[in-house]
Amino acid sequence: MRRMGQGRNVLRAACLALAVLCAACTNSGSHGSPGQGRAAGHPGPAITVGSFNFPESVLLGYIYADALAAKGFPVRVMPGLGTRELVEPALMNGLIQLVPEYSGSALAFLSLGRRPATSDAAATYRSLAQVAESHGLVAAQPAPAQDANAIVVTAATAARYHLRSIADLARHAPGLMFGGPPECRERADCLLGLMRAYGLRFKAFTATDTGGPLTLQALVAGQIGVGLLFTTDPGILARHLVILADSRALQPAENITPLVRQTTMDRYGPRLRAPLDAVSARLTTDTLRSLDARVELSGLSPRRVADSWLRAQALIPGRHGAP
């Protein structure tokens, strides 16, 4: 885990860059025009919704943003900003106001690893809410949907080495390449955790992407033997990959949880939280996996998929049609 005290100049520079980018961010759909700062019934500055640099996070950003916009809140969307090391400081510094987060990872980051998340979703959320408050943030209601890290191999690799769990890799890891996002090297739930909890020492680590197509392609092509993907990744089923069981509970609960700046909640009041909680109540893991498939396998835009689902759930107005 990269601690907040390290690389402060880099983070400051990143936040300044985000401030410049804010001028170019777009409003959520037809609910407003670029640069709009007010909406009927909800006067005030626009709520900028950010997301991480992978398709599911971008999709979630549009889902929550468009649900807010449908209720008249002034919303802008800034998709695919980067990793948590960039996005969370931007949220705490007020450059963005809302991020759909993953509860366990958010807790580990905001607490600098001092409040470890567990597989208990309720306990992890309670801890996240407390830690978020100390940073001037509010953790809205978590969704039932979870998307955790998954340690994945091809079916051929699983059969060759008789792999069922991560622990089964111990004998074979020295001969296998491991691929994952660049920040995996320093994260307690990624390479460091695999070393500490399972004693894994891979032949080498290669930086691919954050649970995305590069990791998937590298696995299928045999360029890496083991990869880190996300449990909701539709490519896992489509490519017949095998998720190795996390028998030592390295991965925490990762429920989708919107983090909002306290100042934003104070400005708009309880009415702001209601649309967020309404989305979360309907968002299950199976639903999220299905929505991901429309984006990542069918090639539809995250915005289009988000709006289609929101219409189907009667969370935004308009006729529902297949995306």
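Arg-171 sits in the loop that links helix H6 (155-161) to strand E7 (177-180); helices (H or I, at least four residues) and strands (E, at least two) are DSSP runs numbered from the N terminus. This is a predicted model, in which local features need pLDDT of at least 70, side-chain atom pairs count only at pLDDT 80 or more, and totals for chains, interfaces and linings use all residues. Residues are numbered from 1 along each chain as its sequence is written, and side-chain values use heavy atoms, leaving out hydrogens and water.

**Around Arg-171**
- Arg-171 counts as exposed because its relative accessibility is 74% (exposed is over 50% relative accessible area, buried under 20%, partly exposed in between; 1.4 Å probe, protein chains only).
- Leu-200 is 29 residues from Arg-171 in sequence, yet their C-alpha atoms are 8.4 Å apart.

**Nonpolar cores**
- A nonpolar core is a set of buried Ala, Val, Leu, Ile, Met, Phe, Trp, Tyr and Cys residues joined through side-chain atoms within 4.5 Å.
- The largest one has 83 residues, and Phe-178 and Phe-202 touch the most other members.
- Helix H2 (residues 55-70) gives this core its largest share, ten residues.
- Another core, of nine residues, lies apart from it and includes Val-152, Leu-219, Ile-224 and Leu-241.
- Leaving aside residues up to four places away in sequence, Phe-202 touches Leu-169, Ala-173, Pro-174, Leu-176, Phe-178, Leu-191, Leu-194 and Val-226.

**Confidence**
- The chain's average pLDDT (the predictor's confidence in each residue, from 0 to 100) is 87, and 85% of the residues score at least 70.
- Over residues 1-17, pLDDT stays under 50, and the model has 24 contacts beyond four places in sequence for them (contact means heavy atoms within 4.5 Å).
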